[in-house]
Amino acid sequence: MAEILIQNADTVLTMDDARRVVHGADVLIRGGQIAAVGQGLETSGETVSGRGCVVTPGLVNTHHHLYQNLTRAVPGAQDALLFGWLQRLYPVWARFTPDEMFASAQLGLAELALSGCTLSSDHLYLYPNGSRLEDTIHAARDVGLRFHPTRGAMSIGESDGGLPPDSLVEDERAILDDMIRVVDAFHDPAEGSMCRVGLAPCSPFSVSRELMRDAALLARDKGVMLHTHLAENDEDIAYSQAQFGCRPGQYTEELGWTGDDVWHAHCVKLDVQEIDLFARTRTGVAHCPCSNCRLGSGIAPVRAMRDAGVPVGLGVDGSASNDMASLSAEARQAMLLQRVANGADAMSAYETLEIATRGGADVLGRPDCGRLEPGKRADIAIWDTTGIASSGSWDPAALLLAGPTQVKHLFVEGKQIIRGGELTTLDLPRLIERHGQLAQRLMQ
Ligand SMILES: [Zn+2]
């Protein structure tokens, strides 16, 4: 089996159970797995110098809408609140085709990879003009990232009192049928899997109570995970109380949307009882600090969630509400935001890196990822700390306190997909050109 040895790294942040930090260390990759972490390791295979670098597990992105990077900085949506923002963008998204889905997924996953991400989920909840979930799965295969696409859905259109235009919603029977189709076709439950499919009605305000319940039943039947948006802002809580007569936590509990096979995006407005519910049931949270800032939603109680034992990972969220999809930037923002809310000692750079790596892997049900130790998958980010961003740094905590924000090398399942800061799997300038042409077409 092919071996690659990362040699003489200045520091390796293992994120193993002991959270070992090893200096002057090597990481041996064999096939798709990590074979050893330590000093003085040898190989007859390829070597990659780690000198001047910090090595971490690849970062894990737990929430995204890849298609949205074709609608960055859209006038009219730049400064709107959540519901107004959606209403500005829905008519543009209704014009997407499989071409837009494919190109935006390629571009978004390439952008994530450059920022150190090796495993990303995606939440695709609209399927206009023949678009399908596999448009994004094929893109992920090309880029080389480990991918957890979710089959999202919206079923309550404007004529039924919902937010999206009727052209973007689907019949609930057809949604469930397509959920079954994509799980059967693309979900791989094996350890080391490169593609796991989840089920993800868009939010409690865009599908019926019945679809939420049926999706949960189907997910349990198929052994796949569940994902949605929850408790994002004050409007969201008010809607829940007006429509369902309860807070989001109770709604999720009644419909089977708690458990270690469920993760919810945002959760900015969870109260103490809901945090306790999520901790007891091991329900995960995708924390998206940049999006929460961008949309003015608030500061998620991540410190309280972590203290209670809620599994928390990071998400860049869609590029229409971030609009930057850099996971390393997201990690820095997560650290800063908890300090705004709770003081300078509320969230260290190391804890934030833990959330960004093994924390996210655990939220996505991937204990085989997110840590550098023998037997785990070889998903590895190598950060060059000899450049201007981290010059003068005394400690690897500089990764979030200073920089860099892009990786030098990146391995996914033992395959090098970034070498010397360049993507090895795709012609990036060509992809950007094609993506830009699609955005231009949407502006007309
Ligand atoms: Zn989202």
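**A helix and its surroundings**

Guide: In helix α3, the buried residues are L133, E134, D135, T136, I137, A139, A140 and V143. Buried means a relative accessible area under 20%, exposed means over 50%, and partly exposed lies in between, with a 1.4 Å probe and protein chains only. Helices (H or I, at least four residues) and strands (E, at least two) are DSSP runs, numbered from the N terminus. The model is predicted: local features need pLDDT of at least 70 and side-chain atom pairs count only at pLDDT 80 or more, while totals for chains, interfaces and linings use all residues. Residues are numbered from 1 along each chain as its sequence is written, and side-chain values use heavy atoms, with hydrogens and water left out.

Helix α3 spans residues 133-143, and because eight of its 11 residues are buried, it is largely enclosed by the rest of the structure. Its buried residues pack against α2 (98-114), β7 (117-124), β8 (146-153), α4 and β16 (415-419), where contact means heavy atoms within 4.5 Å. After α3 comes G144, whose phi is positive, near 100°.

A salt bridge is a side-chain nitrogen of Lys or Arg within 4 Å of a carboxyl oxygen of Asp or Glu, and the whole structure contains 31 of them. Within α4 (residues 172-186), R173 and D177 are four residues apart, about one turn of the helix. An α-helix has 3.6 residues a turn, so residues three or four places apart point the same way. D177 and R173 form a salt bridge, with their closest N and O atoms 3.0 Å apart. D177 is partly exposed, at a relative accessible area of 41%.

Another residue, D184, forms a salt bridge with K222 (2.7 Å, N to O). Since D184 lies in α4 and K222 in helix α5 (residues 209-222), this pair ties together parts that are 38 residues apart in sequence. K222 is partly exposed, at 29% relative accessibility.

Elsewhere, R303 and E351 meet in a salt bridge of 2.8 Å, N to O. This pair links distant parts of the chain, with R303 in helix α10 (residues 302-308) and E351 in helix α12 (residues 349-363), 48 residues apart. R303 counts as buried at 17% relative accessibility, and E351 counts as buried at 15%. Both residues belong to a network of salt bridges that links R19, R303, R306, D307, E351 and E354.

The zinc ion has the protein donors H63 (NE2), H65 (NE2), H229 (NE2) and D317 (OD), at 2.1 to 2.4 Å. Donors are N, O and S atoms within 2.8 Å of the metal (3.2 Å for Na, K and Ca); water is not among the atoms, so sites may look incomplete. In sequence, the donor residues follow the spacing H-x1-H-x163-H-x87-D. H65 lies in the loop between β6 (59-61) and α1 (82-93), and D317 in the loop between β13 (312-314) and α11 (327-342), so the pair ties together parts that are 252 residues apart in sequence. Both H65 and D317 are buried.

Finally, W85 is in contact with Q68, A77, A80, W93, R294, L295, A320 and S321, leaving aside neighbours within four places in sequence.
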